[in-house]
Amino acid sequence: MAELHIIGQLQSASDFNDPNSLFCRYSFQTGPNWTLISGLSEGQTAAGKENFKKNIDWVHPLDLHYVCKGIQGWPKIILQVSCLDSFGRSWVVGYGCCALPSTPGYHTIKVPCWVPAATTVTERLKQYFIGGGHELTQTDIINLGSDRFKLITQSKGEIKLNICIVLRNLTQFGVEYK
Amino acid sequence: MKESEVTKFLVSFNGNIEYVIFPAGIFDEQLYIQFEVVWGIDWDPKSGLCTGTSQMARPGSDPEKVIFNMPVEMVLGSTNVFGWPQLVVTVRAKNFFSGDTLRGYALFLLPPVAGTHEMTAPLVKPRSATMLGEWLAWLTGRQPELVDPRMLATGKENYLLRTESYGHVRLKMTMVSKDLRKLGYDNMAPVLKM
């Protein structure tokens with residue numbers, strides 16, 4: 001059986017321009033050919049405050065072990081960044097999605113994020129004074145390309161992941177990845 | 001041993017924790033680090049020390065850098081790449097008035113790719129949950145600490161923490177593996193042909 005190991009860290013977020021602490025919820029999605037043997041495919045990082053370089057360092061470890069019967073549905077990571085203010089309220093400030101690399105070795109992945117924008121003047125005033133944001137009710141839009149034309153989004157910052165991919169036995173099945 | 005009987009691979013790590021940098025300067029009298037190597041259930045340590053405490057160090061001509069040069073050497077055997085070893089580094093300061101305080105935690109993934117690697121990890125520190133806690137920490141100089149820094153290596157309880165980051169740690173580590181290829185694992189990046 002062919003195996004895939006994803007080892008690394010959800011490292012940091014940059015350019016979010018948010019005075020509150022940020023945390024990230026991540027989720028690894030795969031097709032039906034893939035089975036997760038060990039590791040957690042979902043998780044949430046600690047809520048980090050901005051440092052003097054305007055980055056938030058999470059340093060959250062990732063360690064997953066997948067077994068696959070076919071290459072369709074290669075794993076991808078879906079990220080949702082939320083902020084936590086001093087009152088303890090939280091709302092979403094970014095969505096992002098990225099397909100994982102298929103070559104073994106180290107990779108630094110930067111995922112740019114977006115969030116649904118405030119469209120009317122009242123919404124913008126509310127966001128500015130009270131806080132809060134817009135969330136998606138159907139989170140499928142994050143990783144699918146269909147039905148996106150109705151959405152108006154705001155560009156946000158970037159999330160950095162440092163991962164290492166280790167593959168096993170894929171060449172035995174005739175898969176060419178190098 | 002026949003080729004088909006190989007079920008275990010060995011990994012050897014050799015390196016050192018070089019220095020710690022605090023960008024605005026170091027105001028503590030002495031700094032020291034403690035490290036712990038953490039691994040998954042399928043892993044088995046063969047030789048080397050999995051924990052250690054360094055010397056008490058002071059900055060030199062560069063006011064932002066404290067050099068430790070603390071060696072970390074371990075040989076581990078395993079049947080599974082899952083649970084690849086990680087290094088948790090705790091940086092602490094020792095002062096006359098405030099005593100022993102925490103300066104931050106760093107988490108490194110020991111290299112899964114053979115060769116020498118230089119890695120930098122930011123130092124994160126837990127924050128108090130309340131404003132009163134933050135004020136008390138500033139007043140007494142006692143920072144909130146984690147009971148078990150190894151929880152940072154699993155990540156399962158990270159969602160409960162509130163952190164801030166300041167400074168970073170530099171590590172240089174060499175990895176040599178045995179029988180990883182024989183078991184069918186491929187961890188080498190493709191070589192670009194010019």
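## A buried leucine in chain A

In this predicted model, A:Leu167 is buried, with a relative accessible area of 0%. That value falls in the buried class because the class covers residues under 20% relative accessible area. A:Leu167 belongs to strand E10 of chain A, which spans residues 153–168.

Which residues is A:Leu167 in contact with, once its neighbours within four places in sequence are left aside? Within chain A they are A:Glu3, A:Leu4, A:Trp74, A:Ser102, A:Pro104 and A:Tyr177. From chain B, A:Leu167 is in contact with B:Gly184, B:Tyr185 and B:Asp186. A further pairing concerns A:Tyr66: the C-alpha atoms of A:Leu167 and A:Tyr66 are 9.7 Å apart in space, and the two residues are 101 residues apart in sequence.

## Salt bridges in the whole structure

A:Glu50 has a relative accessibility of 25% and counts as partly exposed. A:Lys54 is also partly exposed, its relative accessible area being 48%.

In chain B, a salt bridge joins the side chains of B:Glu36 and B:Arg150, with an N to O distance of 3.4 Å. B:Glu36 lies in strand E2 (residues 30–38), whereas B:Arg150 lies in the loop between helix H1 (131–140) and helix H2 (151–154), so the pair ties together parts of chain B that are 114 residues apart in sequence.

Are the two partners buried, partly exposed or exposed? B:Glu36 counts as partly exposed at 21% relative accessibility. B:Arg150, with a relative accessible area of 40%, is partly exposed.

## A network of charged residues in chain B

The side chains of B:Lys46 and B:Asp44 meet in a salt bridge, 3.2 Å from N to O. B:Lys46 is partly exposed, with a relative accessible area of 43%, and B:Asp44 is partly exposed, with 30%.

Which residues make up the network that contains this pair? Salt bridges that share partners join B:Lys8, B:Asp44 and B:Lys46 into one network.

How values were computed
Residues numbered from 1 in each chain as written. Chains lettered and ligands numbered in written order. Predicted model: local features only at pLDDT ≥ 70, side-chain atom pairs only at ≥ 80, totals over all residues. Heavy atoms only, no water. Buried < 20%, exposed > 50% of the residue type's maximum accessible area, 1.4 Å probe, protein only. Salt bridge = Lys/Arg side-chain N within 4 Å of Asp/Glu carboxyl O. Helix = DSSP H or I, 4+ residues; strand = E, 2+ residues; numbered from the N terminus. Contact = heavy atoms within 4.5 Å.
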